[in-house]
Every structure is written in structure tokens, then in C-alpha cells.
Amino acid sequence: MRHKLKIIGITYNQIESGVYALILEAENTGRRIPIIIGTPEAQAIECKLQGVEVPRPLTHDMMISTMDAFGITLKEVEIRKLPTGVFAADLLFSDGIRECRIDSRSSDAVALAIRAGAPVFTSGEVLAEAGFDTDSDRNASPSGQRAQDQKQITPLEECPADELEQMMKAAIDKEDYETAAEIKRELDRRNNP
């Protein structure tokens, strides 16, 4: 049996720098799967989730543009677990005439899926083996908590809006999209209480 997954968020590993966990949850089960990803993948996913506009297309944006130009759609993503314990994914593409499955890293597959609006699935076996129940908040915090979890000189909540705008622009200029996404999330929180 297949389960449709939704993206809950990305958590930051405070012990090991540059390591994040993408948290996916199976619909109607509350069971979650953590997938370890690196900084570039976390930034690519977080930028899209938070609606951060970047001056130049990221790799996944370029892939979607290329697919659009050639009339190719991403129909779905299937997360699987390799015998080594690493997550991988199958991307199901279609050009309207034929379908083709392509092997992918799970983080890249999710980054493409959120841009293409494609559903993400996994098997019941993967969910049972790698998932955890969400009966407590101890396992993972939503990506919105990351800014509070990381050390910062001045909490974003205490910065004036104009300063946040400048900080977000500087982060985008430095291609630090993760920080830009956190700042945008704080600005959005203020604008939509």
C-alpha cells in the first residue's frame, strides 16, 4: 500500500553543522519520516516553501523550466529506502506520450516535486521501518522553529521590520537562502498574525 506524504518542514541539527532533516508525514496516519539532507538541498526546499524570490534560478528551478520548455511533467515521486539505509526516490516523468522513471536523491526529488506540484508517496514498508509516530513534539520541530533553535545575536522577533528587510536582501545577495527564508517567515508572521 502506498501513502501520500506531505512536507512538515526542515529541522536543523545543532550538533553537526550543515546537516538537516526533511520531515515528511503520511496523510491520515500522523507517521513521519525524517530524511537527512545537506545545506544546499535544505535551502532549495526551504526557499520554495517560504516563497523566497531569488535573483537567479536555483538548479531545481532551472530543471522545472527545462521540463516546461520540452513539455515534460513530473507526475509523482516515490520515496524508497536502499539496503544501505539511505533514502532514494523514483521520479515519474511524462511527455504526454510515454512515461519514464528516473532514479534520484530523495532531497532533489522533493525539491522538484514542490516546484512541479507533484505528489510524493512512499510504501507502507518504508513508513513502518523508517517512520515514527507524532504523539509528542520531542522528535521534530517544524521548520519555523529553526530560527529560535539556532544561536542568533538578536532574535528575529525583536528586529524592526525595515532591518529584517535589509537582512533578507543581504542573505539573498550572499545566496544564504536558508536565512532569507527564516527572515521571510518572520515578516509573514507579522503581516498575517
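Which side chains meet in a salt bridge at 3.7 Å, N to O? The views below start with that pair, E25 and K6.

This is a predicted model, in which local features need pLDDT of at least 70, side-chain atom pairs count only at pLDDT 80 or more, and totals for chains, interfaces and linings use all residues. Residues are numbered from 1 along each chain as its sequence is written, and side-chain values use heavy atoms, with hydrogens and water left out.

**View 1. E25 and K6 join in a salt bridge.** A salt bridge is a side-chain nitrogen of Lys or Arg within 4 Å of a carboxyl oxygen of Asp or Glu. E25 belongs to strand β2 (residues 19-26) and K6 to strand β1 (residues 2-12), so their contact ties together parts 19 residues apart in sequence. Strands (E, at least two residues) and helices (H or I, at least four) are DSSP runs, numbered from the N terminus. E25 counts as buried, at 10% relative accessibility. K6 is partly exposed, at 39%. Buried means under 20% relative accessible area, exposed over 50%, and partly exposed in between (1.4 Å probe, protein chains only). The structure holds 17 salt bridges.

**View 2. Eight strands form an open, mixed sheet.** The order is β6-β5-β4-β7-β1-β2-β3-β8. β6 (99-105) and β8 (132-133) stand at the edges; each has a single partner strand, so one side of each lacks a neighbour in the sheet. Two strands pair if DSSP finds at least two bridges between them. Strands of a sheet pair through backbone hydrogen bonds, either parallel or antiparallel. β4 (residues 73-81) and β7 (residues 120-123) pair in the parallel sense, over three bridges. F121 in β7 is the bridge partner of E78.

**View 3. R2 lies over the face of F121.** The distance to the ring centre is 3.9 Å. A charge sits over a ring if NZ of Lys or CZ of Arg is within 6 Å of the ring centre and within 35 degrees of the ring normal. R2 is also linked with E76, E78 and R101 in a network of salt bridges.

**View 4. D133 forms a salt bridge with R31.** The closest N and O atoms are 3.0 Å apart. The pair links distant parts of the chain: D133 lies in strand β8 and R31 in strand β3 (residues 31-38), 102 residues apart. D133 is partly exposed, at 43% relative accessibility. R31 counts as buried, at 19%.

**View 5. K81 and E129 connect a strand to a helix.** Their side chains meet in a salt bridge of 3.6 Å, N to O. K81 lies in strand β4 and E129 in helix α4 (residues 124-130), so the pair ties together parts 48 residues apart in sequence. Their C-alpha atoms are 9.2 Å apart in space. K81 is partly exposed, with a relative accessible area of 27%. E129 is exposed, at 58%.

**View 6. Helix α1 covers residues 39-50.** At 1.5 Å a residue, its 12 residues should span 16 Å, and the end C-alpha atoms are 16 Å apart, which agrees. The expected span is 1.5 Å times one less than the number of residues. The buried residues of α1 are E41, A42, Q43, A44, I45, E46, C47 and Q50. Just after α1, G51 takes a positive phi of about 70°.
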